[in-house]
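Open the structure in your viewer and keep the selection tool at hand. We will go stop by stop.

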Amino acid sequence: MSRVAIDFEAEGLLDGIEDERARAARIELLRALERDGFSLEELRQATAEGRLALLPVERVLAAEQPRYTQVELAELTGLDVDFLAEARRALGEPAIDPDARLLTEDDLELSQGAAALLAAGLDREQFLDLTRVMSKAMGTVAAGFVSTFGEAMLRPGDTELDVGLRYAETLRNLVPLAAPTLSHMLNLRMRDVIRSAAVGEAELRSGHLPGAQRVAVGFVDIVGFTRLGEEIPPEDLGELVRKFERSVEEATESPVRLVKTIGDAAMLVAPTPKPVLDTVLDLVEGSRDSDQLPLLRGGLASGEALQRVGDYYGHPVNLASRLTSFARRGSVVASKDVHDAVPEGYAWSFAGNRRFKGVAEEVPVYRVRPAEPGNSS
């Protein structure tokens, strides 16, 4: 039985389009989407949300046809249904009825991978933590890809049909290349992290990595970022943040590791203070002399911190963040631990004992700059 063709005009899918070229392109796009199996409700919703041109892309990225229930995946992989439900939540996916046939071959492959990792020695909580981190990271990668890709593919005077077909065709060719590229990038980053890791005799005896480890933590942030957001257009602010992020990435070399960027700030760690101090000073001093980069400030502390799925938590992290907020424009401040660890080769000045929110005791604070040639203290 053939489907009844949709009357696009009667359904309001052409409302507000006066230009004849744009109207003809909308009709052709709607016909193509209708032939591709999109329902009237899907077309209405996409039109109302202004994403009709992106429906061809959604079809390229669409999952395979559902074949399995969660109960069946449990039987095929040896994992229990409750764990599969938890893993789905860790991925950021909504809960489903365990007996609903909504899961695909991709879901089966993910579940088989989970079973292999658990069999290799990960416990359930470790696996779920890792899943959350990877899902968040992939969300960031996807958002960056779509933003950059979307802008690069647009042409002046495009119609919805032009955009939809061009995006879909480009993604159809690019998506198969993504998996090996991401795998290679993961290998590079894991190699960097492994090189900076240390396993001592105590860890070998106990069979556990230490719950906390001594690290140096540094933050750099953009001075007056909130005010800048009110004074310059969003696209200029975005470019400013991109320049900042690139400058941090370029300045970071092993053993220093860039843990994360958080909008207008970046967090760096290393096993000892000197490499982090040098990196933060280079960034801040460079921003003082640049007419291309935003002015920065920095703060550093060291101490015992807990590493958990790639991030760090604890006193030195909190203190370094507070010190950064305390630092003057274009300056770097550090805790006494950092000062005492690397007293030579820098120009230090005592800034007094200070109290910071979330830090119980008074903190001796030191301002620091690169030493002038032939003069260090």
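**Stop one: helix 6**

Start on the outward side: the face of helix 6 turned away from its buried side carries the exposed residues Glu 109, Leu 110 and Ala 120. Keep in mind that this model is predicted.

Now select residues 105-120, the whole of helix 6. Helix 6 has 16 residues and reaches 23 Å from its first C-alpha to its last.

Leu 108, Ser 111, Ala 114 and Ala 115 of helix 6 are buried. Look down the axis of helix 6: its buried residues fall within an arc of 120°, so they line one face of the helix. An α-helix has 3.6 residues a turn, so residues three or four places apart point the same way.

What covers the buried residues of helix 6? Show helix 4 (70-77), helix 5 (81-90) and helix 7, which are among the cover.

**Stop two: Thr 69**

Select Thr 69, in the loop between helix 3 (55-61) and helix 4. Its relative accessible area is 5%, so Thr 69 is buried. Leaving aside residues up to four places away in sequence, Thr 69 touches Pro 98, Asp 99, Ala 100, Arg 101 and Leu 103.

**Stop three: salt bridges**

A search of the whole structure finds 20 salt bridges.

- Pick Glu 11 and Arg 44, whose closest N and O atoms are 2.3 Å apart. Glu 11 sits in the segment before helix 1 (20-35) and Arg 44 in helix 2, 33 residues apart.
- Pick Arg 124 and Glu 86, with closest N and O atoms 3.2 Å apart. Arg 124 lies in helix 7 and Glu 86 in helix 5, so the pair ties together parts that are 38 residues apart in sequence.
- Pick Asp 221 and Arg 297, with closest N and O atoms 2.9 Å apart. Asp 221 is in strand 1 and Arg 297 in strand 4, 76 residues apart. Asp 221 is buried at 9% relative accessible area, and Arg 297 is buried at 18%.

**Stop four: a nonpolar patch**

Select Met 138, Val 141, Leu 182 and Met 185. They form a nonpolar patch on the surface, with about 330 Å² of accessible area together. Which helices supply it? Helix 7 (124-153) and helix 8 (160-196) each supply at least two of its residues. Finish on Leu 182, in helix 8. At 34% relative accessibility, Leu 182 counts as partly exposed.

Key
Residues numbered from 1 in each chain as written. Predicted model: local features only at pLDDT ≥ 70, side-chain atom pairs only at ≥ 80, totals over all residues. Heavy atoms only, no water. Patch = residues over 30% accessible without salt bridge, like charges linked within 9 Å, V, L, I, M, F, W, Y side chains within 5 Å. Areas by Shrake-Rupley, 256 points an atom, 1.4 Å probe, with all protein chains shown as cover. Salt bridge = Lys/Arg side-chain N within 4 Å of Asp/Glu carboxyl O. Helix = DSSP H or I, 4+ residues; strand = E, 2+ residues; numbered from the N terminus. Buried < 20%, exposed > 50% of the residue type's maximum accessible area, 1.4 Å probe, protein only. Expected span 1.5 Å × (residues − 1). Arc of directions from axis to C-beta. Contact = heavy atoms within 4.5 Å.
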